[in-house]
Amino acid sequence: MHMNRRHAHWAASLLIALTLLSNTPAHSEPCMTITLTGTQGGPPVYKGQAGAGTLVQYGDSDNACNDIALQFDAGRGTTQRLSELNVPVGKLAAIFVTHMHSDHTEGLIDLMQLRWHFNSQGPKVDFVVSEDKLSPAGHTLSGRSFADHIGATMIQSGEMAQRLAENKQRLPGGPTDLMNVMTFEPMEKPDTVWSSGDVTVDAINSNHIPGHASYRVNTPAGSVVIGGDAGNDKPSPPRGASTSAQVELLAKGADVIVHSTIHPVMGPDKDSGFPAPIYYRQSTATDLGAMAEKVGAGYLMLTHLIPPLNAIKQGPYPIPGGALSSTDYEDAVSLSGYTGNTIVGTDLVSLTLPEQ
Ligand SMILES: [Zn+2]
């Protein structure tokens, strides 16, 4: 048969389609996708970067790993990032908070307000957080109180009453009524704090501020540790490493570690002016590489980067030697001898297990 160019092209396309079909597994496979919804380190804002947060989705290859969606921390702009992923806030089954610092929680306020507007018929979202913790300074860190007052400004301004008058289907207490608060005592060993179907979430006590906890999601497709802002229990040198021994325990055999990091360039010996106690309560990129190597994690996803990529300042503090690139963070990890894959976080970077 004579084939003109158009026919040849059509035949090639058919061949490709048949090849793809023959490679499609007969059964759907479990899979997990980890997406950084925000990578900003600390309260500053830089170039539209969202505040710290990680979305973990689990499902199978037939539904793009999207049976269940779990959010870990929700800094500024989380709702916007979820909308870019086409994940409605009503889809989140549970929200886990590592600690009550505002850069990890402030995005929850508008996220829950939005859920109240359009998902008042439920279901409630599980809100998983440490029990109240008294700080040495005498105040209490309280995720429960945060949930109880999450709609406070909108109640006080009359906005909530206005919306209720417009639609009586909404819950009278505001977004608080949509939160199923599940507090736990952070332990020194991994302890299961949440589960649904094939997915379990363990937590462990870790040091940063009182009530800080780190999490591990276990699924048939793999496991991921969300370290949060954890640092060593010993708040300053001399010490073995800046990383947390408890996070290391939690991460044993995990596939992925997502962790806040600080670059050694912000250290007190480098004259950035960055406060030493704040530097010491984070984990350095180099020490995280060493920890990831020790526990055998195939991937280290750096987030909550201090300083942000390409920024000449971290908030008011200048970066000694100028702005950092992702290579500077990779180099800091490489110093540890880490042999896995380092992903220097940017908003919406994602990883799917098993590898596609
Ligand atoms: Zn923090």
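Q: How many residues has helix 4, and how far does helix 4 reach from its first C-alpha to its last?
A: Helix 4 (residues 107-118) has 12 residues and spans 17 Å between those atoms, close to the 16 Å expected at 1.5 Å a residue. The expected span is 1.5 Å times one less than the number of residues. Helices (H or I, at least four residues) and strands (E, at least two) are DSSP runs, numbered from the N terminus.

Q: What kind of model is this, and how is the numbering done?
A: This is a predicted model, in which local features need pLDDT of at least 70 and side-chain atom pairs count only at pLDDT 80 or more, while totals for chains, interfaces and linings use all residues. Residues are numbered from 1 along each chain as its sequence is written.

Q: Back to helix 4: which of its residues are buried?
A: They are Gly107, Leu108, Ile109, Leu111, Met112, Gln113, Arg115 and Trp116. A residue is buried if 20 or more other C-beta atoms lie within 10 Å of its own, exposed if 12 or fewer, and partly exposed in between, with C-beta atoms placed from the backbone.

Q: Why is strand 5 largely enclosed?
A: Strand 5 (residues 125-130) is largely enclosed by the rest of the structure because 5 of its 6 residues are buried.

Q: And which strands does strand 5 pair with?
A: Strand 5 runs parallel to strand 4 (residues 92-96), joined by 3 bridges, and parallel to strand 8 (residues 179-184), joined by 6 bridges. Two strands pair if DSSP finds at least two bridges between them. Phe127 of strand 5 stands opposite Ile95 and also opposite Val181 in strand 8.

Q: New topic: what is the strand order in the open sheet of 7 strands?
A: The order is 9-10-11-12-13-14-17, with mixed pairing. Strand 9 and strand 17 (341-344) are the edge strands, each pairing on one side only.

Q: What about strand 13 and strand 14, parallel or antiparallel?
A: Strand 13 (residues 256-262) and strand 14 pair in the parallel sense over 7 bridges. Ser260 stands opposite Thr303 in strand 14.

Q: Last one: how many residues are in the largest nonpolar core?
A: That core has 81 residues, and Val256, Ile257, Leu300 and Met301 have the most contacts inside it. Strand 14 (residues 299-306) gives the largest share, 6 residues. A nonpolar core is a set of buried Ala, Val, Leu, Ile, Met, Phe, Trp, Tyr and Cys residues joined through C-beta atoms within 7 Å.
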